[in-house]
Amino acid sequence: MGSNSDTATPPQQSDAARRTLRAARQRTAFDWRRRYARRLWVTDLLVLIWVVYGTQIAWLGWGDPAVSPDSDLGIPDISYWMFSSGLVVAWTWALTFIDSRNFRVIGTGMTEYVRVARASVTLFGLIAIVSFLTKAEVARGYLLIALPTGIIMLVLVRWLWRQWLVSHRRAGGYSARALVIGSPTAVANVASELRRSTDAGYWVVGACVPEGHSSGIVPGTTVPIVGSLSELTQAIDAARADTVIVASSGDLPPGGVKRISWELEPGRQHLILAPNITDIAGPRIHTRPVSGLPLIHVETPRFSSGQRLAKRAMDVLGSIALILLSSPMLLAVAVAVKATSRGPLLYKQERIGLNGEPFFMLKFRSMRIGADEELQALLESQGTSEQPLFKIQNDPRITPVGRFLRKHSLDELPQFFNVLGGTMSLVGPRPQIAAEVALYTEAARRRLLARPGISGLWQVSGRSAMKWEEAVRLDLYYVENWSLIGDIGILLKTLKVVIAPGKTAH
């Protein structure tokens with residue numbers, strides 16, 4: 001077991017003692033999940049008390065109005081103070097019932113927020129049905145204000161908690177201690193993906209590999225090998241793991257996964273299967289058990305008419321709203337550009353759009369006149385003239401004002417008019433010039449199946465510091481797994497990147 005000998009159980013200990021020690025370790029690992037869920041419960045309750053009673057006072061005042069059901073039903077009048085108390089309790093219970101605080105959905109993704117919204121809307125729908133059946137006169141304004149305000153505040157507080165959780169996870173805390181089993185290659189692949197996505201909350205602490213490899217570390221990683229596939233129980237104890245991830249079931253004997261599940265403590269230890277399916281989002285994956293076989297169905301990428309209409313509607317309404325909201329900023333940037341350097345206000349550059357059709361992308365000019373003629377020489381000087389996604393480091397062509405505009409993406413504000421005109425989308429793959437598209441592989445050309453976007457997955461995941469292959473992978477993931485909720489999530493992340501761009505923006 002190598003360096004983990006200090007955590008291993010001595011062979012002379014009885015099975016009962018080993019189980020007792022193991023249970024104590026698992027309780028410690030499980031405590032963070034319960035503590036975090038309890039904190040969410042408390043803050044949810046406080047938010048709902050503030051929202052519900054605040055709405056009641058704002059809409060109905062400090063008096064003692066009542067909800068009056070049909071007198072023929074024999075139901076007495078209910079004070080709004082009592083009604084609000086019941087609403088707070090029911091709302092808190094609905095968030096629990098829908099599992100919005102489950103450790104599987106916290107920390108990453110939109111599922112947690114979707115569950116909060118779904119529980120809230122469902123509860124208010126039930127209230128509307130009950131009030132209709134009982135002919136109770138519930139103040140509509142009270143409900144219409146409480147519902148959206150409650151959802152917004154709950155999501156905001158959950159987001160703040162998530163920032164706290166993510167900061168701890170990046171340091172290795174508040175995460176599942178994962179033991180990965182499978183071939184060294186499969187373990188290395190899973191470990192590298194989880195290391196890149198620490199927000200998901202899986203900290204790889206060890207690996208079990210086939211006989212003949214059971215020593216040292218997994219090649220290409222820092223993951224220690226704590227045992228062979230036949231020593232799973234001892235390996236879990238040695239690594240103090242609370243989660244087992246099966247990276248490749250082909251190395252296990254028939255029924256091996258089932259036997260692994262039998263060895264885990266229910267409710268405290270968890271089994272995860274990591275099939276060799278990458279860059280495919282959850283909505284495209286469906287599990288269908290057939291004769292004991294958990295068959296995984298993967299839908300082919302497709303865009304229905306309804307999806308296209310929804311995305312275009314979001315683009316039109318969103319771009320109009322953003323143009324109106326940003327009009328003072330548009331004016332300020334225009335004045336700054338014209339006052340600090342010679343040349344036109346806007347820079348129009350031909351980019352390749354949907355299905356390979358060229359279009360002119362608008363930007364505020366951030367470079368001096370004649371910058372395009374200098375590009376090739378600068379690329380050759382830094383050795384990137386034959387690479388896609390080329391960027392000039394410390395570009396001398398950028399004006400002082402342009403450098404600030406680029407860092408905070410303010411030079412891209414005119415692209416809202418591209419979105420309104422239909423050549424771009426608010427969210428999509430990065431629009432590239434013809435020289436970059438000429439270097440595309442066959443797989444990379446699938447990026448052209450969607451309208452290019454002002455923002456996208458690569459922009460919120462590293463921007464200029466990202467390698468070409470990784471940028472393509474993210475854009476292809478977006479194209480093949482598009483969803484309206486995903487677009488909203490990217491736009492929210494974009495706002496954060498614009499406000500605090502970090503060192504990757506230039």
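## Cores and helix pairs in a predicted model

Y142 touches V52, T55, Q56, W59, Y80, F83, S84 and L87, leaving out residues up to four places away in sequence. The model described here is predicted.

**The cores**

Y142 also has a place in the largest nonpolar core. That core has 36 residues. L87, W91 and Y142 have the most contacts inside it. The largest share comes from α4, with 9 residues. In soluble globular proteins, nonpolar side chains tend to be buried together.

**The whole protein**

The protein has 506 residues, and 43% of them are buried. Its elements are 15 helices and 13 strands.

**Two helix pairs**

Two packed helices are described by the angle between their axes and the distance between the axes. Two pairs are set out here.

| Helix pair | Residues | Angle | Axis distance |
|---|---|---|---|
| α3 and α4 | 111-134 and 140-169 | about 160° | 10 Å |
| α8 and α15 | 305-325 and 484-499 | roughly 30° | within 10 Å |

How do α3 and α4 run relative to each other, parallel or antiparallel? Their angle is about 160°. Angles over 145 degrees count as roughly antiparallel, and α3 and α4 are therefore roughly antiparallel to each other. Their crossing is right-handed. On the α3 side, the contact is made by E112, Y113, V116, A117, S120, V121, F124 and I127. On the α4 side, L143, A146, L147, I151, L154, V155, R158, W159 and R162 take part. By class, this contact has 13 nonpolar, 1 polar and 3 charged residues.

The pair α8 and α15 crosses at roughly 30°. That makes α8 roughly parallel to α15. From α8 come A310, K311 and M314. From α15 come L484, D487, I488 and L491. This contact has 5 nonpolar and 2 charged residues, and no polar ones.

**A closer look at F124**

F124 is found in helix α3. Is F124 buried or exposed? Its relative accessible area is 8%, and the cut-off for buried is under 20%, so F124 is buried. Which residues does F124 contact, leaving aside its neighbours within four places in sequence? They are L87, W91, L143, A146 and L147. L87 and F124 are 37 residues apart along the chain. Their C-alpha atoms are separated by 9.2 Å. L87 is also one of the residues that Y142 touches.

**Two loop residues with positive phi**

D99 sits in the loop between α2 and α3. It is not a glycine, yet its phi is positive, at about 65°. D99 is partly exposed, with a relative accessible area of 37%.

K135 has its place in the loop between α3 and α4. Its phi is near 55°, again a positive value in a residue other than glycine. Is K135 buried or exposed? Its relative accessibility is 56%, and the cut-off for exposed is over 50%, so K135 counts as exposed.

Methods:
Residues numbered from 1 in each chain as written. Predicted model: local features only at pLDDT ≥ 70, side-chain atom pairs only at ≥ 80, totals over all residues. Heavy atoms only, no water. Axes fitted to C-alpha atoms, helices over the stretch in contact; angles between N-to-C directions. Helix = DSSP H or I, 4+ residues; strand = E, 2+ residues; numbered from the N terminus. Parallel < 35°, antiparallel > 145°, perpendicular 65-115°, else oblique. Left-handed = near helix turned anticlockwise from the far one by under 90°. Contact = heavy atoms within 4.5 Å. Nonpolar A, V, L, I, M, F, W, Y, C, P; charged D, E, K, R; others polar. Core = buried A, V, L, I, M, F, W, Y, C linked by side-chain atoms within 4.5 Å. Buried < 20%, exposed > 50% of the residue type's maximum accessible area, 1.4 Å probe, protein only.
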